Amino acid sequence: MHRDPDQWRRRGLTPPAELEALVHARVGWLPVAEPSYADFFIDPTARLPGE
C-alpha cells in the first residue's frame, strides 16, 4: 500500500518517489550530499561562493 502512488495522492500527499524527484530537480546540482532547508531558497542561476 505504501508503494502505490495513488494511495498517497488519495490522502493529499506526494508519493516519496515524486518528492525525491522534486528535491533532486531543485537542489540536485548543489555540491552537498544532504541538502538543508536553506538550500531550497538559493537562486539556482546565481554563482556559488568561490566560483
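**Ground rules.** I began with contacts, where contact means heavy atoms within 4.5 Å. I kept in mind that this is a predicted model, in which local features need pLDDT of at least 70, side-chain atom pairs count only at pLDDT 80 or more, and totals for chains, interfaces and linings use all residues. Residues are numbered from 1 along each chain as its sequence is written, and side-chain values use heavy atoms, with hydrogens and water left out.

**Arg9, contacts.** I looked up what Arg9 touches: leaving aside residues up to four places away in sequence, the partners are Pro15 and Glu18. I found Arg9 in helix α1; helices (H or I, at least four residues) and strands (E, at least two) are DSSP runs, numbered from the N terminus.

**The whole chain.** I noted 2 helices and 0 strands in the protein chain. Of its 51 residues, 10% are buried. Here buried means under 20% relative accessible area, exposed over 50%, and partly exposed in between (1.4 Å probe, protein chains only). The accessible surface of the chain is about 4500 Å², and carbon and sulfur atoms hold 59% of that. These areas come from the Shrake-Rupley method with a 1.4 Å probe; for residues, only the protein chains shown count as cover.

**Salt bridges.** How many salt bridges does a search of the whole structure find? I got 2, taking a salt bridge as a side-chain nitrogen of Lys or Arg within 4 Å of a carboxyl oxygen of Asp or Glu.

- I saw Arg9 pair with Asp6, their closest N and O atoms lying 3.2 Å apart. Both residues sit in helix α1 (residues 5–10), 3 residues apart, about one turn of the helix.
- I also saw Arg9 meet Glu18 through their side chains, at 2.1 Å from N to O.

Next I checked how open these residues are. Arg9 is partly exposed, at 40% relative accessibility. Asp6 is partly exposed too, at 43%, and Glu18 has a relative accessible area of 34%, so Glu18 is also partly exposed. Through shared partners, the salt bridges join Asp6, Arg9 and Glu18 into one network.

**A nonpolar patch.** Which residues make the nonpolar surface patch of about 390 Å²? I wrote down Tyr37, Phe40 and Phe41. Patches are made of residues with over 30% relative accessible area and no salt bridge: like charges are joined within 9 Å, nonpolar side chains (Val, Leu, Ile, Met, Phe, Trp, Tyr) within 5 Å. I placed Phe41 in the segment after α2 (16–27). With a relative accessible area of 61%, Phe41 counts as exposed.

**Asp43, last entry.** I found Asp43 in the segment after α2. Its relative accessibility is 41%, so Asp43 is partly exposed. I also looked up Asp43 with Arg26: they are 17 residues apart in sequence and 9.8 Å apart in space, C-alpha to C-alpha.
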